[in-house]
Amino acid sequence: MKRLLIILLTAIAVAATPAAARVTIDITQGNVDPMPVAAPNFLGADEATQGLGRDITGVIMNDLDRSGLFQVIDQRAYIEKPESVNQRPRFADWRIINAQVLIVGEVEELSDGRIQVATRVWDVYSDEQLGAVAFKTPADNWRRAAHKVADFVYKTLTGEDGYFDTRIVFVHETGPKEKRVKRLMIMDQDGANPIPLTDGLNYQVLTPRFSPTQQQITYMALFDNRPGQVYLFNIETGEQEQLGTFRGMTFAPRFSPDGREVMMSMERNGNSDIFNMDLSTRRLTRLTDNPSVDVSPTMSPDGRRIAFTSDRGGTPQIYTMNADGSNQKRITFGQGRYQTPVWSPRGDLIAFTRQYNGRFYIGVIRPDGTGERLLTESYLEEGPTWSPNGRVIMFYRQTPTRRDGTGGSSQLWSVDLTGRNLRRVRTPGDASDPAWSPLLP
Amino acid sequence: MMKFFKIAGIFASLALVAACASTGPDLDASAGADTTTSAAPTGPVPGSQADLENSAGHRVFFGYDEYTLTGEAQATLARQAAWLKEYPETRILVAGNCDERGTREYNLALGARRAEAAKSYLVSLGVDASRITTVSYGKERPIDPRSTEAAWSVNRNATTTITGAGA
C-alpha cells in the first residue's frame, strides 16, 4: 500500500485563535443543518497538476457531501478565483454566497516525481485560518491524498477523526438466487477502485470482517458438501489460510479490537457455541457452553466484554458476557428478534439487526440495554458495520423478488447515527456483508 | 425382528400425525416430495439419488425458526431409513437450509440444527451414524427464489443427497 507523507504547514499557518470563535460542527446532534462549504478546484501550475487538482477537489467534495454534515456549494456560484494557496481569501466574496468554510488547495509536482497536495481551511465568518496541511504522495495515489484532505477538514470542523481514507471489504454477488456466486471484493470507502480478492469458483465467501489493526480480513468460506470454515486473508500478500481444522462448521468470525484474536462460533453435533482463537498460538478457548444457538460475537473496544446472539430464551436476542465467558446476561427485551450485534469502535453503542412484524431494522442500543434506537427499516437488511470513528453504520439491504422469482437485488447502504443521511453505497453490481476498515495508515 | 415392529409402530403413529398436519409446506412438483411409488421397470436406477427421491423423498420441511421434525418429516425420514437399509453401502449428506427471513449467521446455526435433527432421527431408526455427514448452508442455497410464504416454506428444509456408494 502506498504511504502518504503528512506535513503540517505550520510555518505559514496563522496563530491559533480561541476555540470559541471557531466554526464547528456538533455531530452528536440529530437534525443538524449541513454546513455550507466552498471548494474551488485545487490549483496547479500546469495542465497535469490542474487536472489532478480538479479530480482531487471532486473526491473531497463528494466525501464531504456524502457525510451529510456538509453542503457543498456549486462552483458556478463562486466569485473569487483564488490564485495561490498562500493568498488570503477575499472573505466578503465567500460570505455573499453563504459559504461558512472555504477550502483552498494546490497540487505541485515535486522534483522526485511525486506530488504535494497543500490545503488550507478558512472560516469565512471570522476571517481566519482553521488549519493547513500538505501531503506528499506518488501522483497515481491522488485519491488517497484527496481522502486525507477530506479527513483533515472533517477533523478540523468536528474535532473527531474522519473516515474517508478507509476501505470497504464486501461480498460481490452474481447469478440467480439459487446458484449465487459470492466473492470477496475490496474498494475505497466511496466505491472507487473495486478489486476482486477471491474468484468465487469453489466456495461462497460470507461475512468478511476487517482487522482493526492490520490489512487482514477474516471470513467464512461456504463449500459444497462439507461444513463451512473460517479463513484469514492477508490483503497485502493475497495469502489465505484456514483458521484451524474442525469437524464441525466454524463461522461468524470477528477480530478482537487488538487484532490478536478471532472470536467465532463453532458447531458440533448441530449445536453452536462461541470460542476465541489466539492467532499466535491458534489455541481455542470456549466462551459459551449452552444447548442453544450462540453466534455473532463482538468485543468491546476495551476488550472486557463480548456481545453475542443467543436463542436460549426462545428467540434470538442479544446478550453480553465478560471476555472470559463469565457473567452472561441478556440486554434486549423488545418485541421481535435481535441479532448481529456489532460493538461501536467508540464503545458507547452496539449496532444490531432487529426483526419485527415481518420487517428488518438496523438499530443501536447501549451496552447496558438502554436507549434502543432504530435507524432504518426495510423488507430485509442486516449486517451492520461501523465507520472507524463510530459515527456511520454501513449495512446491506435486499429487496424482494418479483412474483416470478426474478429480480431482488442486494445493495450496500450507509446511515449516520442520528438515523439521517441514508445513502446508497456505489458497488459494481450486487453486494452484501460490508466490513469497514480502520483508517489507513 | 423387534426393530421391525418398533418401526411399524412408529409408522402407524406417524400416519395419524400426518393426517392431522395440514400446515405442511406448499409443495410444487420440483420439491420432490411426491411419495407415490411404483416399481416400474423404466424407473430410476435402484440405489440412485433419483431412486431415493422417488421412493422415500429426499427433503423434509420445517416451520419458521423451527428445527423440530413434523410428523410428515418423520415419515419421510423413516422411508429414507428403510431405503438406506436396502442399500447399506450408501453414504449420505444431510444439508440444513433456511429461508431468507433471518440473519446470515443465525441461519447458518439454524441450518446445522435442522441437518442434525434429520440425522439424529435416521440414526434413531438404525442407520449407522458413520454413513451420514451433515452440512449447513444457512440461507445461502434457496431452492425457490421467490419472496413468498410458499417459497420460504420449501426453503426451510433438510435435504438428503447420496455422496457415495460401495459395491
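The model described here is predicted. When contacts in chain B between residues at least 6 apart in sequence are considered, 74% of them join residues at least 24 apart.

### The contact between the chains

Chain B contributes 24 residues to the contact, and chain A contributes 34 residues. On the side of chain B that touches chain A, α4 (104-124) and β3 (132-138) of chain B each supply at least two residues. The element that gives the most to this side is α4(B), with 10 residues. By class, the side of chain B that touches chain A comprises 12 nonpolar, four polar and eight charged residues.

### Packing of α3 against α4 in chain B

Helix α4(B) also packs within its own chain. Two packed helices are described by the angle between their axes and the distance between the axes. For helix α3 (residues 71-86) of chain B and α4(B), the axes come within 9 Å and cross at roughly 55 degrees. Because angles of 65 to 115 degrees count as roughly perpendicular and those under 35 degrees as roughly parallel, α3(B) is oblique to α4(B). The crossing of α3(B) past α4(B) is right-handed.

| Helix | Residues in the contact |
|---|---|
| α3(B) | Gln74(B), Leu77(B), Gln80(B), Ala81(B) |
| α4(B) | Ala118(B), Tyr121(B), Leu122(B) |

Several of the listed positions follow a helical spacing. An α-helix has 3.6 residues a turn, so residues three or four places apart point the same way. By class, the residues of the contact of α3(B) with α4(B) are five nonpolar and two polar, with no charged residue.

### Helix α3 of chain A

In chain A, helix α3 (residues 142-158) has 17 residues. From its first C-alpha to its last, α3(A) reaches 24 Å, close to the 24 Å expected at 1.5 Å a residue. How many of the 17 residues of α3(A) are buried? The number is 14, and α3(A) is accordingly described as mostly covered. Just after α3(A) comes Gly159(A), with a positive phi of about 80 degrees.

Conventions
Residues are numbered from 1 along each chain as its sequence is written. Chains are lettered from A and ligands numbered from 1 in the order in which they are written. This is a predicted model: local features need pLDDT of at least 70, side-chain atom pairs count only at pLDDT 80 or more; totals for chains, interfaces and linings use all residues. Two residues are in contact if their C-beta atoms, placed from the backbone, lie within 7 Å. Helices (H or I, at least four residues) and strands (E, at least two) are DSSP runs, numbered from the N terminus. Ala, Val, Leu, Ile, Met, Phe, Trp, Tyr, Cys and Pro count as nonpolar, Asp, Glu, Lys and Arg as charged, and the others, Gly among them, as polar. Axes are lines fitted to C-alpha atoms, for helices over the stretch in contact, and angles run from 0 to 180 degrees between N-to-C directions. Angles under 35 degrees count as roughly parallel, over 145 as roughly antiparallel, 65 to 115 as roughly perpendicular and the rest as oblique. A crossing is left-handed if the near helix is turned anticlockwise from the far one by less than a right angle, and right-handed if clockwise. The expected span of a helix is 1.5 Å times one less than its number of residues. A residue is buried if 20 or more other C-beta atoms lie within 10 Å of its own, exposed if 12 or fewer, and partly exposed in between; C-beta atoms are placed from the backbone.
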